[in-house]
Protein chains: 2
Amino acid sequence: MRSNQSRFALLGLLSMGAMSGYDLKQLSSWSVGHFWRESYGQIYPVLKDMTQAGLIRRKTDKTTGRPERHVYSLTPAGRKELNQWLARPVVDEVPRSELLLKLFFGGLAPVSVSQDHIAEHRKRNTQALAEYAEIRKRLDRECGNDPRKPFWLMTLSYGESMANAAMQWCDQTLSELG
Amino acid sequence: MRSNQSRFALLGLLSMGAMSGYDLKQLSSWSVGHFWRESYGQIYPVLKDMTQAGLIRRKTDKTTGRPERHVYSLTPAGRKELNQWLARPVVDEVPRSELLLKLFFGGLAPVSVSQDHIAEHRKRNTQALAEYAEIRKRLDRECGNDPRKPFWLMTLSYGESMANAAMQWCDQTLSELG
DNA sequence: CGTAGCATGTAAGTTGTTACATGATTCG
DNA sequence: CGAATCATGTAACAACTTACATGCTACG
């Protein structure tokens, strides 16, 4: 059975409303985009699989001109699958970090190489914080008093915590490096 | 050309001394283990590829009884490849987080589900901190005044920073939830 | 005598990315 | 009129995991 992980991300997004593959990509890019990305090359095949498995159903909007819009929505089986996944414990995996790998072997190159990597990392975290601020605004604008909002904010504040900690580490490490 | 990422991890480890596939696994598990993991199913094929590509060379230790030990060491070409990789900018990718995905959709289930996920995450970070402390000790014991030690410590302190920030976030979020 | 550690590797399957292929509409 | 957006999908490849297959030695 294909795409265990992506499957649930898409099911979750579809729980927010019926959507096309294109819509899923758009919505995911800002809502869960800072900790979960999907490509079209993954989205379309997985939607097909899940339709066959009866987890979602598809309706076709006839639009004049443009290609047809395939709108997917959860079936009861899909909703059940999603809830079961939610309750299962998180599998803990060590995410690979190219940055840390390069720093670990930093002694092989001039210090400036490591300094550059760290400076770049700092910059990216600054940018991330700016994006989080945008998302926060958008959430306040578009999702006023949705009961799910606290959960969405939780993931945002996680990102913010990590980014802030990363920046502090960058500053301290850069100063130690000289 | 196979295994772009693992390639460099293994080249890096081999820069610390000639080693067998088995040794690479052992060494990596504690040295870079908290941000980089390799499986044997990846290590052995990649070693084969890199040998053919001339980045490493292999010598066979005849041991009585036990299977032969294949000890790999860097060639000048391998060293060059490693140095070029070190200097290239880090590709930034969004690591997927099953935890955050589950929390994002937490509104679909009882709050206790999310609370459990967070509590478990907290526990894992506590354990991680304990492991980092062990590595720190081991580093002091075995690598007294190695000039590369500051770089190794850098990656450790990164892990500690992240783990501490994660725990603070867990505490705060749990208190807000309940 | 059983279990853990030493030691190497393969095969099959899963998961995911990138590039390709297509083509209309809308806005500046 | 060119670029961005809407919109769907496939094919080829890349990367990685898991389970399997083998078998010795040292220790308790």
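Start in chain B by selecting helix α1 (residues 4–14) and helix α3 (residues 40–52), which pack at an angle of about 80° with their axes 10 Å apart. Helices here are DSSP runs (H or I, at least four residues), numbered from the N terminus; axes are lines fitted to C-alpha atoms over the stretch in contact, and angles run from 0 to 180 degrees between N-to-C directions. α1(B) and α3(B) are therefore roughly perpendicular to each other (65 to 115 degrees).

Now show side chains: B:Ser6, B:Arg7, B:Leu10, B:Leu11 and B:Leu14 in α1(B) meet B:Gln42, B:Ile43, B:Val46, B:Leu47 and B:Met50 in α3(B), contact meaning heavy atoms within 4.5 Å.

A word on the model: it is predicted, with local features needing pLDDT of at least 70 and side-chain atom pairs pLDDT 80 or more, while totals for chains, interfaces and linings use all residues. Residues are numbered from 1 along each chain as its sequence is written, chains are lettered from A in the order in which they are written, and side-chain values use heavy atoms, without hydrogens and water.

Next, select α6 (residues 111–142) and α7 (residues 149–177) of chain B, whose axes come within 9 Å and cross at roughly 155°. That makes α6(B) roughly antiparallel to α7(B) (over 145 degrees).

Finally, colour chain A by domain: domain 1 is 2–87 and domain 2 is 98–177, with bounds from an automatic or database domain assignment. Their centres, taken over C-alpha atoms, are 28 Å apart. At the boundary, five residues of domain 1 of chain A touch nine of domain 2 of chain A.

Terms used. Helices (H or I, at least four residues) and strands (E, at least two) are DSSP runs, numbered from the N terminus. Angles under 35 degrees count as roughly parallel, over 145 as roughly antiparallel, 65 to 115 as roughly perpendicular and the rest as oblique.
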